[in-house]
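I wanted to write down each step as I went.

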Amino acid sequence: MLAGFHVLQCHLHKSIMQQGAWNQIAEDTVFKQLPKSYVEEGETEFDSSVEQEAAAYGMDKDAYIQAAGLSTQEYQEQKELYGRSAARSRLLLDALAEAEGLTADSPEYQAEVENLANTYGMDKETLISTYGEEAVRQYAMTQAVLDRVLEAARITEAASDSAEE
């Protein structure tokens, strides 16, 4: 039981480190222009997510948005914001993968796809047919890129806000 807890603790620590590294890179990156197709894909993803949430409550999207207290304009603004954020993330992922020489043929990428399939208890083909090739590609490539980033990172502990007296 303790071994399982230790594995979970290590995985959580790695996830936190990856998220911190991603956030730092994203904060330090300036995007001159976002590909329109990436923004539109993000907006479509946002709409799809809201539709799924609405369906879970037995509502259509418009009723769900109204129940959330959002005007059509506020919903559209949130969708556009999400689309731009998703586009920035994807563009950053593409740039980092290229800089690190990672492709869908890279052993690190293939290992991440296998790990994801194992996590969900399915083979690679079922994983891709269930979640879509692009979603699997983005997840696996993100993990492979972040592993490379963490290998090269200089990690420091932040000072605590509360000092012991």
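Is Tyr120 buried, partly exposed or exposed? I noted first that I am working with a predicted model, and then I found that Tyr120 has a relative accessible area of 44%, so this residue is partly exposed, since that class lies between the limits of 20% and 50%.

Next I looked up the partner of Tyr120, and I found that Tyr120 and Tyr131 form a tilted aromatic pair, with 5.2 Å from centre to centre and 45 degrees between the planes. I then checked where the two residues lie: Tyr120 is in the loop between α5 (107–119) and α6 (124–131), whereas Tyr131 belongs to helix α6, so the pair ties together parts that are 11 residues apart in sequence. Tyr131 also counts as partly exposed, at 43% relative accessibility.

I went on to the aromatic pairs as a whole, and I noted that the structure holds 4 of them. One of these joins Tyr57 and Tyr64, whose ring centres are 6.1 Å apart and whose planes meet at 25 degrees, so I recorded the pair as stacked, because planes under 30 degrees apart count as such.

My last entry concerns a charge and a ring: the charged end of Arg90 sits over the ring of Tyr38, at 4.0 Å from the ring's centre.

Terms used: Residues numbered from 1 in each chain as written. Predicted model: local features only at pLDDT ≥ 70, side-chain atom pairs only at ≥ 80, totals over all residues. Heavy atoms only, no water. Phe/Tyr/Trp six-rings, centres within 6.5 Å; stacked < 30°, edge-to-face > 60°. Helix = DSSP H or I, 4+ residues; strand = E, 2+ residues; numbered from the N terminus. Buried < 20%, exposed > 50% of the residue type's maximum accessible area, 1.4 Å probe, protein only. Lys NZ or Arg CZ within 6 Å of the ring centre and 35° of its normal.
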